[in-house]
Amino acid sequence: MILSQGVHFALLSMLFAGINDVIFKKYAMKNRSRGMYVLGVGFTWAILQILYSSFSEILFSFDILTIKYGLLAGVILAVANISLIEGLTHIDVSLGSTVYRLNTVGVVILSFVFLSERIEPIKLVGITFGIISVLLLYKSNNGKKANHTAKIFFWLVVLASLFRAAYGVVSKVALLGSADKNTIILLASLCWVVGGAFYAKYVEKRFTVTPQKALYSAVSGVLVFCIVNFLILGLKVAQASIVVPIANMSFIIALLISVLIGTEKMNFKKIVAVAFAAGSIVLLSSV
């Protein structure tokens with residue numbers, strides 16, 4: 001099967017996102033500022049975006065349409081990530097990750113409503129396979145009842161998932177409207193800087209830089225640069241309801257890396273989950 005260009009870009013975005021998931025998990029293992037991490041990632045990402053455009057001799061276009069959609073997409077993405085980080089601070093990580101990856105459902109619905117993308121049977125089956133894969137990897141909280149605080153932060157992660165779905169669709173709308181993709185990406189990175197700074201200073205009240213935070217931010221900044229650029233390139237040439245669900249399979253890459261480095265063990269349920277994820281990618285790639 002010859003994969004389309006859009007699917008190639010989505011697979012690359014998925015690969016780098018999976019690697020970044022592992023980096024984030026290692027960062028979150030210690031009590032460090034999430035806000036400073038987001039700020040550092042955004043700063044690294046912005047510098048790389050400017051350098052990439054400079055070396056490629058690509059000019060940024062700050063027309064009204066691009067600025068409008070760029071800021072909207074950037075704010076949505078920043079809110080999604082900060083909401084996810086805040087939510088994961090108070091609820092089980094596996095629960096939060098599961099809910100966040102289910103933004104695939106939101107993408108399909110929003111793409112149908114706002115982009116008039118058709119929901120063919122094969123696409124629906126492919127998305128269903130992806131959702132099954134996520135649910136198979138979900139680990140319950142040993143039957144414990146969630147308290148009121150946990151429920152609040154659970155819904156915060158649901159909000160993050162909805163914002164993440166909206167980001168993909170808004171980006172697609174912007175590209176269809178001939179907005180400049182490089183400027184949109186740059187504005188998104190700057191929104192991470194502002195959002196991370198606000199979160200660190202006014203929510204965490206820990207606005208300090210350490211060598212460890214800088215190193216983690218630099219590595220993740222490079223990865224996010226690749227994640228977003230390949231996602232936007234995929235959205236430019238293919239349907240959002242195909243590109244985003246494939247990119248959302250990144251948790252499988254994270255799982256495989258975790259198994260390889262010995263931080264997680266493979267079992268039958270995880271093998272079946274990987275099989276469903278692979279099936280999802282194959283089905284969505286054939287649309």
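**A buried lysine and its surroundings**

A: In this predicted model, Lys 181 sits in helix α8, which covers residues 181-204. Lys 181 is buried, yet no salt bridge is formed by this residue. The nearest side chain of opposite charge belongs to Asp 180, and that side chain is 7.1 Å away. A salt bridge here requires a side-chain nitrogen of Lys or Arg within 4 Å of a carboxyl oxygen of Asp or Glu. What does Lys 181 contact, leaving aside neighbours within four places in sequence? The partners are Leu 175, Ile 232, Leu 233 and Lys 236.

Leu 175 leads on to another residue. Leu 235 also touches Leu 175, along with Gly 168, Ser 171, Lys 172, Ala 240, Val 243 and Val 244, with residues up to four places away in sequence not counted. Leu 235 belongs to the largest nonpolar core, which has 60 residues. Within that core, Leu 235, Trp 45, Tyr 167 and Trp 192 touch the most other members. Helix α9 gives the core its largest share, 10 residues. Apart from it lies another core, of five residues, including Leu 84, Tyr 100, Val 157 and Ala 160. In soluble globular proteins, nonpolar side chains tend to be buried together.

Lys 205 is found in the loop between α8 and α9, and α9 covers residues 211-237. Is Lys 205 buried or exposed? Lys 205 has a relative accessible area of 62%, so this residue is exposed; the cut-off for exposed is over 50%. The phi angle of Lys 205 is near 60°, a positive value in a residue other than glycine.

Glu 57 lies in the loop between α2 (34-55) and α3 (64-90). Its relative accessibility is 72%, so Glu 57 counts as exposed.

Next, helix α3. Leu 72 is placed in this helix. Leu 72 counts as partly exposed because its relative accessibility is 40%.

Val 105, Ile 109, Phe 112, Val 113, Phe 114, Ile 119 and Leu 124 make a nonpolar surface patch of about 660 Å². Helix α5 (residues 103-114) gives the most to this patch, with five residues. Ile 119 lies in the loop between α5 and α6, where α6 covers residues 121-137. With a relative accessible area of 35%, Ile 119 is partly exposed.

Finally, the whole chain. There are 12 helices and zero strands. Of the 287 residues in the chain, 51% are buried. Among contacts between residues at least 6 apart in sequence, 88% join residues at least 24 apart. The accessible surface comes to about 13800 Å², and 71% of this area belongs to carbon and sulfur atoms.

Methods
Residues are numbered from 1 along each chain as its sequence is written. This is a predicted model: local features need pLDDT of at least 70, side-chain atom pairs count only at pLDDT 80 or more; totals for chains, interfaces and linings use all residues. Side-chain values use heavy atoms; hydrogens and water are left out. Helices (H or I, at least four residues) and strands (E, at least two) are DSSP runs, numbered from the N terminus. Buried means under 20% relative accessible area, exposed over 50%, partly exposed in between (1.4 Å probe, protein chains only). Lys and Arg count as positive and Asp and Glu as negative; His and the chain ends are not counted. Contact means heavy atoms within 4.5 Å. Patches are made of residues with over 30% relative accessible area and no salt bridge: like charges are joined within 9 Å, nonpolar side chains (Val, Leu, Ile, Met, Phe, Trp, Tyr) within 5 Å. Accessible areas come from the Shrake-Rupley method with a 1.4 Å probe; for residues, only the protein chains shown count as cover. A nonpolar core is a set of buried Ala, Val, Leu, Ile, Met, Phe, Trp, Tyr and Cys residues joined through side-chain atoms within 4.5 Å.
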